[in-house]
Structures are given as C-alpha cells and as structure tokens.
2 protein chains.
Amino acid sequence: MALTVERAATLAERVAKLRLVDTDIHNDLPSIEELRPFLAQKWHPWLDSGGPGSASRYYANMGSGRMDDAVREEDGLAAGNPDWVVQQLMTKYRIDIGILTGSGIGLSIQHDYHIQTAIASAYNEWTLAKWVGPYECFKGSIVCPGQDPEAGAAEVRRLGDHPGMVQVLMASAARIPYGNKVYWPIYKAAVEHGLPVAMHVGSEGTGIANPPTAVGFPSTYLEFHTDHSQTMMAHCVSLIADGVFEEYPTLKLAFIEGGTVWAPYVMGRLDRLYPALKTEVPYLKMLPSEYLLRNCYFSTQPIEEPDNHQHLLQMLRMMHAEKTVVFASDYPHWDFDNPLMAFNFFPAELKRRIFVENAVELYGPRLLASHRGA
Amino acid sequence: MALTVERAATLAERVAKLRLVDTDIHNDLPSIEELRPFLAQKWHPWLDSGGPGSASRYYANMGSGRMDDAVREEDGLAAGNPDWVVQQLMTKYRIDIGILTGSGIGLSIQHDYHIQTAIASAYNEWTLAKWVGPYECFKGSIVCPGQDPEAGAAEVRRLGDHPGMVQVLMASAARIPYGNKVYWPIYKAAVEHGLPVAMHVGSEGTGIANPPTAVGFPSTYLEFHTDHSQTMMAHCVSLIADGVFEEYPTLKLAFIEGGTVWAPYVMGRLDRLYPALKTEVPYLKMLPSEYLLRNCYFSTQPIEEPDNHQHLLQMLRMMHAEKTVVFASDYPHWDFDNPLMAFNFFPAELKRRIFVENAVELYGPRLLASHRGA
C-alpha cells in the first residue's frame with residue numbers, strides 16, 4: 001500500500017489523534033446458531049446437532065473468567081453485544097480502535113479440519129456482518145484453520161483485501177511449531193495481502209495440540225495460564241530458526257496474550273548458540289535476535305508484575321519495547337489490564353509507542369482506513 | 001547436619017580457600033560393560049545384548065558435541081578417564097570441587113523402568129568406584145529412575161548418606177511435570193538425607209517424554225537446545241504451584257543446564273496471577289516468587305549472552321543471582337563455559353557467590369566433607 005505524501009501526512013495526523021489501540025478484544029459469539037446464515041447448507045447438520053464443539057478450557061478458572069462489570073444484566077453476556085462493548089470498553093477506557101480476537105481462535109487446533117474450515121469462514125463473515133461492518137472502531141481478525149494450511153491460506157486470500165480485517169489469527173496451541181514449512185502457505189498469503197499473523201493463547205492441550213507444556217499436563221489453572229508463554233517461546237524460536245523471516249522478510253508476527261518478558265531469554269540463548277551452530281541453518285543471514293526485533297510483536301496483557309517496577313521496564317528495554325510491544329486489554333476476561341491504571345509508571349514516550357504507534361506499524365495504514373460499506 | 005562452632009569455623013575457612021565449584025561435569029561411561037560388576041546377575045542378559053539403550057540425541061550437533069581439547073588422543077574419549085579430567089579441567093581451570101552429572105541422566109525417562117532402575121543403581125556404584133571414591137575433588141550425583149518414583153526414592157535412600165554423593169539427579173525430560181504428587185516420594189527421601197534434587201536437560205522428546213516443546217518437535221538442534229529452558233520453566237512453575245515447597249520447605253531444587261534468565265518471567269507471571277487465583281491453591285502460603293527465591297538454584301551454563309552485558313547482569317539481579325545461581329562448565333561439551341573468561345564483567349562479589357558460596361549453600365557441608373574410604 002504505497003501512500004502519497006498527502007495521504008501519509010493525513011495518516012500521521014490521524015495517528016497523532018489516537019489515544020489507544022487495543023489489540024485483544026474477545027467479542028463473544030453468544031450462540032453457534034448465529035453462524036447459520038453464513039454457513040453452507042451442507043454443513044447445517046453440524047449445527048442441528050449442536051455444533052462441532054471446540055477447544056474447551058478444561059482448566060477451570062475459579063472465578064467466572066470474566067470481569068464482573070463486563071457482563072450485561074439483560075442477557076448475562078460479556079462482550080456479546082457490540083454497543084455494549086463500545087460503551088463498557090471503548091468509551092470507558094478511551095480506546096479508539098479495537099482489534100477483535102473473538103472466541104473462535106481454538107478452531108485452528110480442533111480435530112476435524114473439514115468442518116472447522118467451514119466454521120472459520122462462517123465465523124469470519126459473522127464478524128464482518130455483526131461487528132466490523134457497522135462499527136468503524138472495530139477491526140477484525142481472519143480466523144484461520146491452521147491445521148489445514150492450504151485451506152487456511154485460501155481463507156486468508158478470500159478476505160485478505162477487506163479493509164476491516166487487519167490480521168490472520170491462529171491459536172498458539174499447535175502440534176507442529178509454527179516455523180515449520182507446512183505453515184508457509186499461510187504466511188505467503190498473509191504477506192501478499194499485507195497482513196500480520198497473530199497467534200493467541202488459550203487452547204493449549206485441546207484438540208490435536210500437544211500437552212500445554214513440554215513436560216505434559218500441569219495440575220492447576222495457575223500453571224496452565226503461566227505456561228502459555230512457553231508455547232509462544234517455542235513458536236518464536238521455530239519461526240526464527242526455520243527461516244520464516246528470511247523467506248518472508250516483511251511478515252509480521254504478533255504474539256498475543258503470551259506475556260512479554262521472555263523475549264530476552266529467546267534472543268540471548270539463540271544469539272549465544274548461533275555462531276557455533278550456524279552451519280546447521282545456512283539460510284539465516286542475521287543474528288536470531290535481529291529477526292525477532294524486526295519481525296515480531298508482543299502484546300502487553302497479561303503484563304508481568306515484578307515487585308520492582310524498574311525490573312519490568314528493564315526487560316522491556318532489552319526487547320526494544322519501543323518498537324515491539326503493543327497494548328492489549330483481553331476484555332472481557334478476568335485478567336483484563338486496565339489501560340488507565342496498569343501503565344502509569346511507564347515513561348510517557350514508551351507508553352505512547354505501546355498504546356498507539358507500534359500498533360500502527362504492526363497493522364499498517366489499514367488500521368486507520370475506513371471499512372464502512374466494504 | 002548440625003555443626004559445632006568449631007566445625008563451622010573450619011568450614012568457613014575451607015570455603016574461603018575455594019576458588020571454584022563446578023556443578024556440571026559430564027564424566028563419560030566409555031562402555032556399558034563397565035557396569036557389569038555392579039549389576040545383579042539377572043540383568044546381565046541386557047548387557048549381553050548390548051544394553052537397554054538410552055536417550056539418544058536425535059537432534060545432531062553439527063560439530064562433535066565435545067570440546068576438541070577434551071578428547072584424549074590415546075583412547076579418543078572425552079572425560080572418560082578421571083585423571084584426564086583432573087588434568088584437563090580441574091587443574092587447568094582452577095576448579096576445586098566438581099559435581100559429576102555423568103552420562104546416565106536420561107535413564108529416568110526411558111520406557112522400561114525395571115531395567116533402568118537396575119542400571120541406575122549399577123551406574124551409581126560405578127560412579128562411586130571409579131570416580132568419587134579415589135578422588136576427593138569429585139562429588140557424585142545419585143542418578144534416580146524418576147519414571148518409577150518408589151524405586152527412585154529407594155535408590156535415594158540406599159545412597160543418601162554417602163558423603164561422596166551430593167544430589168539426586170533426574171532428566172528434565174518428563175511426561176508429568178515435576179511438581180506432581182507422583183514424584184513426592186523422591187523429594188521426601190531427598191529431604192530426609194539432606195540432598196538437593198537436580199534436573200538436567202538433554203533427553204527431551206526421548207523415551208516416554210513429551211515432545212521437546214509444548215507445540216511439538218522443532219526442526220533443528222539450534223531450536224532443540226534453546227527450547228530446553230522451557231522444560232525447566234514448566235517444572236519450576238509446577239513445583240511451586242503444586243505446593244512441593246510447602247510440603248518440603250527445606251527441599252532445594254537445582255535447574256542444571258537450563259539457562260537462567262527465564263526466572264524473572266516465571267516469578268513475574270505467577271506473582272501477577274496468584275492474588276486472583278489463590279483460592280485454587282490454598283495450600284500456598286507465600287508469593288510464588290518467594291518459593292522460587294528460597295528453594296531454587298540455577299546453573300550458569302549455557303549462560304545467555306545478550307549483546308549488552310548489562311542486560312545479563314540486570315536479569316541476574318532480578319532473580320537474586322547472589323543467592324540462586326551456581327557455576328557450571330558442562331565439560332566436556334562443545335558449549336563449555338570457560339570460567340576464566342566467561343564471567344570477567346561480573347562484579348567480584350557476585351562472581352564469588354556464583355563460583356563458590358552459592359554452591360556451598362546448595363550442597364551443604366557435605367560438599368566439603370572427605371569421602372575417602374566411605
């Protein structure tokens with residue numbers, strides 16, 4: 001998307017006016033029945049029998065899993081109604097643009113790729129019809145059936161030019177690390193359409209995924225949630241070491257809800273080993289950390305909270321957070337990061353990068369493009 | 001082990017004279033035949049058929065996997081001969097005490113626990129006979145068949161009072177996270193004998209272990225090696241969250257060859273979640289990070305090498321390295337950390353803690369006790 005000088009100036013002005021971009025809003029699908037109008041007739045028997053099922057969180061959160069004030073009294077839904085989310089999230093917390101990550105991420109790791117591919121398409125159409133189309137403040141994610149990369153790439157191509165869709169979205173839960181060549185058709189399609197690829201945690205150990213850790217199933221939700229970052233690390237290491245960012249140098253990868261402060265470990269360890277092992281990976285041309293810093297983005301939520309705030313800032317500096325970190329609220333989930341509170345000790349310039357500018361760089365001009373009537 | 005004032009004074013004097021304690025020396029078993037004298041007759045058919053096999057590293061290191069100058073010309077072995085290791089490692093690098101981690105760690109994650117339990121006992125006897133008994137400078141690890149915790153605990157008890165054995169050793173590769181109650185008999189036995197428990201990387205994805213990452217098998221050795229830390233993180237999270245350190249408050253856990261700088265992620269994430277989720281883990285009485293800092297130790301090798309040395313020091317400070325980090329060389333492996341070079345930018349006091357004092361605290365007075373004739 002080449003910009004003329006005039007349009008670039010306009011873009012900069014618009015960016016300057018943004019207060020906050022939220023990269024992780026879980027709008028809810030109240031019932032799978034809402035997908036029926038968007039699903040081909042031949043798949044309707046699945047809906048008739050209650051739906052194909054999807055990743056269920058078998059690690060129970062002792063609380064409700066949702067913020068209390070996110071639940072609308074009249075229907076008991078959290079984030080099930082766009083107007084409600086505009087009121088309870090966007091207006092209340094002064095968010096200008098919200099990236100919808102929905103509730104269909106886990107379909108990329110379920111058993112039956114035939115029906116899940118169809119559900120993904122219907123889900124994406126539902127997102128456009130109910131949430132993105134009528135609301136300029138919401139941008140959508142193309143939920144991608146990653147367990148069938150060819151079908152996933154086709155879905156990316158089908159919607160890849162829609163100005164309301166700003167990223168490709170897959171579960172971080174996987175049976176093969178995401179650097180592996182089997183996934184490259186998805187990355188090729190994403191790059192062709194100028195879309196970043198995001199992975200989002202939460203379905204670990206479900207469907208055809210591996211157990212949630214490299215040593216099996218943990219016992220508690222506290223562990224399950226903490227261990228999520230390890231899925232992200234393994235993907236990040238794989239994407240770098242398998243050469244994805246050499247093959248697709250403009251591909252941007254966003255790690256959503258996986259924490260942030262593990263990036264220094266990934267960079268420090270890979271950079272230490274690389275000089276001795278580079279004959280194994282002759283297709284790499286830069287230090288591993290250079291790929292991470294050029295191609296990867298990390299969302300804040302859930303931001304780690306060391307006792308000493310300076311420690312968090314030190315780690316964020318190590319990972320060049322001024323270029324690599326974007327804000328996420330995870331609304332309406334229980335561990336929501338309140339943007340009016342959670343970042344008060346951040347230097348203003350860094351906060352501005354995280355709240356607005358990095359998201360603009362990650363998603364590109366499409367983030368600000370009007371999508372009404374598209 | 002209560003010390004009299006006199007003995008404590010002597011101990012302090014001896015500690016003051018120590019230059020370096022190396023917590024990870026891989027003495028080699030040149031041939032499984034060397035175990036025959038220590039193995040009960042009924043298991044000899046296994047040796048007759050070449051041995052039960054053990055975790056093989058299917059991720060090939062493009063180099064030899066060994067330091068060139070560790071290999072003895074006359075037999076082609078690296079670390080296969082105690083005198084050679086004394087000369088090439090202990091004398092050359094001014095190491096006073098070396099903890100032997102051997103080459104049998106992976107047996108704790110192999111399929112057949114019957115034979116592996118027998119092999120573990122024979123291996124431990126071989127360690128004592130060939131390496132520890134004749135050399136005051138070497139201390140041994142009780143290799144523990146962790147896949148059969150009852151047998152593992154019995155082996156710990158069998159050798160737990162030997163002054164030459166200073167820790168219980170298991171592979172970090174596992175099918176169940178190490179906080180799980182199935183392993184507690186091992187911890188109980190370790191605590192009763194005043195022994196720390198160490199886990200060591202390298203067998204991930206072999207035997208009955210899970211794949212080396214939470215998202216399956218990576219493609220390259222560069223990834224396999226980098227991902228090792230994630231096994232450690234999952235165990236660390238599990239040990240804390242499952243309450244091992246409440247049940248056994250004096251238990252010390254050493255994470256060997258798993259890197260260091262991931263500890264701030266584990267602490268920051270668990271401490272952030274704990275206040276909201278503590279009803280799930282009512283048996284915990286402190287912040288998760290407090291258990292980590294009280295009960296866990298981390299070996300340096302392979303020390304992460306960020307471009308900016310200050311970043312490493314900052315991360316070490318976050319994890320209270322002055323109390324939690326011990327030196328390891330990983331001799332004779334290719335990624336050996338040379339103690340005369342690798343830590344030159346460390347403040348002298350921190351270096352002293354890492355090189356000597358933390359190891360004394362981890363292993364206790366037994367580290368300095370004479371074991372000749374035991």
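Over all chains, the structure holds 28 salt bridges, a salt bridge being a side-chain nitrogen of Lys or Arg within 4 Å of a carboxyl oxygen of Asp or Glu. The structure is a predicted model, in which local features need pLDDT of at least 70 and side-chain atom pairs count only at pLDDT 80 or more, while totals for chains, interfaces and linings use all residues. Residues are numbered from 1 along each chain as its sequence is written, chains are lettered from A in the order in which they are written, and side-chain values use heavy atoms, with hydrogens and water left out.

**Salt bridges**

| Pair | N to O distance |
|---|---|
| E357(A) and R352(A) | 3.6 Å |
| D96(B) and R19(B) | 2.9 Å |
| R353(B) and E357(B) | 3.0 Å |

In chain B, R353(B) and E357(B) form a salt bridge. Both residues lie in helix 13 (residues 348–363) of chain B, where a spacing of 4 residues separates them by about one helical turn. Helices (H or I, at least four residues) and strands (E, at least two) are DSSP runs, numbered from the N terminus. R353(B) counts as buried at 18% relative accessibility, whereas E357(B), at 24%, is partly exposed. Buried denotes under 20% relative accessible area, exposed over 50%, and partly exposed the range in between (1.4 Å probe, protein chains only). In chain A, R352(A), R353(A), E357(A) and E361(A) are joined into one network by salt bridges that share partners.

Within the pair E357(A) and R352(A), E357(A) is partly exposed with a relative accessible area of 24%, and R352(A) is also partly exposed, at 27%.

The salt bridge between D96(B) and R19(B) links distant parts of the chain, 77 residues apart. D96(B) occupies the loop between helix 3 (82–91) and strand 2 (97–100) of chain B, and R19(B) the loop between helix 1 (5–17) and strand 1 (21–25) of chain B. R19(B) is partly exposed, with 45% relative accessibility.

**The sheet of chain A**

Chain A contains an open sheet of 8 strands in the order 1-2-3-4-5-6-7-8, with parallel pairing. Its edge strands, strand 1 (21–25) and strand 8 (325–326), each pair on one side only. Two strands pair if DSSP finds at least two bridges between them. Strand 3 (residues 138–143) and strand 4 (residues 165–171) of chain A pair in the parallel sense over 4 bridges. M165(A), in strand 4, is the bridge partner of G140(A).
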